[in-house]
Amino acid sequence: MSTLFFYLFGLTYSTKNVSIKVEVINVDNNIGERIKELRNDLKLSQTEFGKKLGVSRDTINNLERNRVDIKDLIIKSICHEFNVNELWLRSGDGDMFKS
């Protein structure tokens with residue numbers, strides 16, 4: 001019996017096991033502003049901030065200006081590298097930094 005897997009926006013569906021996993025990833029349009037706020041709070045230039053994440057200054061500039069869609073990997077990297085609360089980064093809710 002074949003198993004059908006469907007993955008879209010964090011939803012996993014399996015017809016064989018009838019298991020459902022839902023992960024809501026809510027990113028609002030102000031994430032670029034929060035990235036800039038974080039970077040300024042850390043007193044880092046775009047170049048320094050990008051270097052810590054392994055990306056260029058231009059990438060950080062584009063993220064801060066919401067010119068590109070931010071990838072989940074970048075969000076996770078920012079949160080890991082700078083001890084940032086992922087909920088705050090994605091939605092603006094909660095504290096900037098993890099407790």
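## A pair of rings

Let's start with the aromatic side chains. In this predicted model, there is one aromatic pair. The ring centres of Phe49 and Phe82 lie 4.7 Å apart and the ring planes meet at 5°, so we call the pair stacked; the cut-off for that word is under 30 degrees.

Where do the two partners sit in the chain? Phe49 belongs to helix H2 (residues 46-53), while Phe82 belongs to helix H4 (residues 72-82). They are 33 residues apart, which makes this a link between distant parts of the chain. And are they buried or exposed? Phe49 and Phe82 are both buried.

## The whole chain

Now zoom out. The protein chain has three strands and five helices, and starting at the N terminus they come in the order β-β-β-α-α-α-α-α.

The chain has 99 residues, and 30% of them count as buried. Its accessible surface is about 6,900 Å², with 51% of that belonging to carbon and sulfur atoms. If you take the contacts with a separation of 6 or more, 41% are between residues 24 or more positions apart.

## Two helices that pack

Two packed helices are described by the angle between their axes and the distance between those axes. Here, helix H1 (residues 31-41) packs with helix H3 (residues 57-64) at about 125°, and the axes are 7 Å apart. That angle makes H1 oblique to H3.

Which residues meet? From H1 come Gly32, Glu33, Ile35, Lys36 and Arg39, and from H3 come Ile60, Leu63 and Glu64. Sorted by type, this contact of H1 with H3 has four charged residues, three nonpolar ones and one polar one.

Terms used: Residues numbered from 1 in each chain as written. Predicted model: local features only at pLDDT ≥ 70, side-chain atom pairs only at ≥ 80, totals over all residues. Heavy atoms only, no water. Phe/Tyr/Trp six-rings, centres within 6.5 Å; stacked < 30°, edge-to-face > 60°. Helix = DSSP H or I, 4+ residues; strand = E, 2+ residues; numbered from the N terminus. Buried < 20%, exposed > 50% of the residue type's maximum accessible area, 1.4 Å probe, protein only. Contact = heavy atoms within 4.5 Å. Areas by Shrake-Rupley, 256 points an atom, 1.4 Å probe, with all protein chains shown as cover. Axes fitted to C-alpha atoms, helices over the stretch in contact; angles between N-to-C directions. Parallel < 35°, antiparallel > 145°, perpendicular 65-115°, else oblique. Nonpolar A, V, L, I, M, F, W, Y, C, P; charged D, E, K, R; others polar.
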